[in-house]
Amino acid sequence: MGSLYNSFLIIHSWNRWLILLSGIALVVFLIYSLSNNQNFNKSMKSLALTFLGSLHIQLLIGLILYVFLSPFTQAAFNDFGNAMKNSGLRFWAVEHFMINIVGIALAHTGYVLSKRKLNDKAKQKTLLIWTSIALLIIVLAIPMGIYGAERPWFRF
Ligand code: HEM
């Protein structure tokens with residue numbers, strides 16, 4: 001395996017945990033603060049920015065893997081018609097990429113919309129709804145055996 005390919009795969013794999021942990025923590029904090037009538041505070045803002053920032057890094061690394069480095073996407077680009085009949089290749093060439101782009105766009109939209117709200121409660125509710133949906137979509141697109149794309153949970 002090429003060392004550049006391997007390094008990008010390791011970063012992409014570990015950054016997944018930063019995305020999941022910051023996203024879950026943000027959802028838990030928002031539920032807690034909404035049910036206890038608390039204001040949108042600094043730690044929630046930092047969590048929201050960590051979630052968004054790690055998603056953007058993931059998108060950048062993912063695109064580099066997708067376009068230049070991954071032997072799976074290269075094999076799919078060579079014969080796209082045939083790749084669509086193979087669940088493993090289809091997962092990398094279409095499903096993982098497209099579903100995650102939608103998830104990242106939803107997370108970003110939620111952050112922008114919540115910033116526009118003047119009322120603190122509306123800000124938190126908007127962020128909670130969009131972040132939860134984005135997180136669910138992103139979790140569904142994580143490579144797993146059921147998609148024919150089994151990957152290590154912790155890559156070294
Ligand atoms: C939040 C979004 C994302 C998450 C959580 C995620 C997660 C993952 C994980 C866990 C892997 C397996 C890494 C390993 O083998 O250890 C992977 C591989 C990969 N991802 Fe993502 N990813 C995301 C977004 C994207 C996007 C947007 C793209 C494309 C633009 C992308 C393209 C790829 C490619 C090409 C591979 C490598 C396939 C190979 O083994 O050659 N990912 N991703």
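Visitor: In which helix is L65 found?
Guide: This is a predicted model, in which local features need pLDDT of at least 70, side-chain atom pairs count only at pLDDT 80 or more, and totals for chains, interfaces and linings use all residues. Helices (DSSP runs of H or I, at least four residues) and strands (runs of E, at least two) are numbered from the N terminus. On that basis, L65 is found in helix α2.

Visitor: Does L65 count as buried or exposed?
Guide: L65 is in contact (heavy atoms within 4.5 Å) with Y5, F8, L9, H12, S70 and T73, leaving aside neighbours within four places in sequence. Buried means under 20% relative accessible area, exposed over 50%, and partly exposed in between (1.4 Å probe, protein chains only). Because its relative accessibility is 7%, L65 counts as buried.

Visitor: Which residues coordinate the iron atom of the ligand?
Guide: Donors are N, O and S atoms within 2.8 Å of the metal (3.2 Å for Na, K and Ca), and sites may look incomplete because water is not among the atoms. At 2.0 Å, the iron atom of the ligand is coordinated by the NE2 atoms of H12 and H96. This pair links distant parts of the chain, 84 residues apart, with H12 in helix α1 and H96 in helix α5. Both residues are buried, and the coordinating pair is H12 and H96.

Visitor: What is the geometry of the site of the iron atom of the ligand?
Guide: Six donors count as octahedral if opposite donors are over 155 degrees apart and all others between 65 and 115; four count as square planar by these limits, or as tetrahedral if all angles lie between 85 and 135 degrees, and anything else is irregular. The six donor atoms here give angles of 86 to 179°. The site of the iron atom of the ligand is octahedral.

Visitor: How is α5 oriented relative to α6, roughly parallel or roughly antiparallel?
Guide: Axes are lines fitted to C-alpha atoms, for helices over the stretch in contact, and angles run from 0 to 180 degrees between N-to-C directions. Helix α6 (residues 120–140) packs with α5 at an angle of about 175°, their axes 8 Å apart. Angles under 35 degrees count as roughly parallel, over 145 as roughly antiparallel, 65 to 115 as roughly perpendicular and the rest as oblique. The angle therefore makes α5 and α6 roughly antiparallel.

Visitor: At what angle do helix α3 and helix α5 pack?
Guide: F72, T73, A75 and A76 of α3 meet L89, W92 and A93 of α5. Helix α3 (residues 71–78) and helix α5 (residues 87–116) have axes 9 Å apart and pack at an angle of about 95°.

Visitor: How far apart in space are A107 and A134, C-alpha to C-alpha?
Guide: A107 is found in helix α5 and counts as buried because its relative accessibility is 4%. Apart from residues up to four places away in sequence, A107 touches F51, L52, L55 and A134. A107 and A134 are 27 residues apart in sequence, and their C-alpha distance in space is 5.4 Å.

Visitor: What value is phi of N37 near?
Guide: N37 lies in the loop between α1 (3–35) and α2, and is exposed because its relative accessible area is 61%. Most residues other than glycine have a negative phi. N37 is a residue other than glycine with a positive phi, near 55°.

Terms used: Residues are numbered from 1 along each chain as its sequence is written. Side-chain values use heavy atoms; hydrogens and water are left out.
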